[in-house]
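Trainee: I am new to this structure, and I would like to understand what lies behind the words used to describe it. Could we go through it together, step by step?

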Amino acid sequence: MIATAKRDFPNLTGGRRLLSIVLGTTGETVRANESQKLLNWGYTAYDAVRLFDGGQPAATPAVWKGKANVLKLGRPEPIVVAVPTGSANKIKTQVSRPDPLVAPFTKYQAVGSLKVTLDDQPLADVPLVALEPVEQAGVFGRAWDALRLWIK
C-alpha cells in the first residue's frame, strides 16, 4: 500500500506532504492502520524548518566587473529542510561558491550551493542561483576591478 497525507503548518506555505509504503502485512486493514501510524509518526517526529523564504538571499557576495557590487544568491522557492523534532537550533549552513565572482550573471544562473548540516552530518546540498541579473560594467569599471583583482 502506498499512501500520502498533506497537513497545513503555520511556517510552511502549501503544507507538508508525507508518503508511506507498507508491504508484507496480512490484510488491507492492517496495511491502512500501519500506514496511518507511519504518517502520524512522521508528522510528530520531524519538523520542517524554513531556512530562507523564496526570493530571499541566502548570501550576498561581492561581484567584480559588474554594474552591481553584490550578487544575491538564493532560490526562487523557499529552502526547507526536515529535521528531528527539537533539533532545529543545531542546523548550520555554509555557502559554497566560486571566488572571485566576475560579472555578467543572468537571473536564475546557477552559481553555488548551500550546504546544510545537522550535528556535523550533511543534511542537504541546495543549489543556489542568482536572484537578480548583474550586467557587466563599462570599460573603466572592468579595468578598475581588473587592477584591484590583480593586486588582491
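Mentor: Let us begin with helix α1, whose buried residues are Ser 35, Leu 39, Gly 42, Tyr 43 and Ala 45. Please keep in mind that this is a predicted model.

Trainee: What makes a residue count as buried?

Mentor: A residue is called buried when its relative accessible area is under 20%, and Ser 35 and Leu 39 are among the residues of α1 placed in that class.

Trainee: How do you know that the span of helix α1 agrees with its number of residues?

Mentor: Helix α1 covers residues 28-45, which is 18 residues, and at 1.5 Å a residue these should span 26 Å; the end C-alpha atoms are 25 Å apart, so the two values agree.

Trainee: Why is Ala 110 called exposed?

Mentor: The cut-off for exposed is over 50% relative accessible area, and Ala 110 has 61%, so the word applies. Ala 110 belongs to strand β10, and, leaving aside residues up to four places away in sequence, it touches Leu 128 and Val 129.

Trainee: What makes β8 and β10 a pair?

Mentor: Pairing requires at least two bridges, and six bridges join β8 to β10, the two strands running antiparallel; within this pair, Thr 93 has Val 116 as its bridge partner.

Trainee: Why are β4 and β8 said to stand at the edges?

Mentor: The open sheet has five strands in the order β4-β6-β11-β10-β8, with antiparallel pairing. Both β4 (57-59) and β8 (91-96) have a single partner strand, so one side of each is left without a neighbour in the sheet.

How values were computed. Residues numbered from 1 in each chain as written. Predicted model: local features only at pLDDT ≥ 70, side-chain atom pairs only at ≥ 80, totals over all residues. Heavy atoms only, no water. Helix = DSSP H or I, 4+ residues; strand = E, 2+ residues; numbered from the N terminus. Buried < 20%, exposed > 50% of the residue type's maximum accessible area, 1.4 Å probe, protein only. Contact = heavy atoms within 4.5 Å. Expected span 1.5 Å × (residues − 1).
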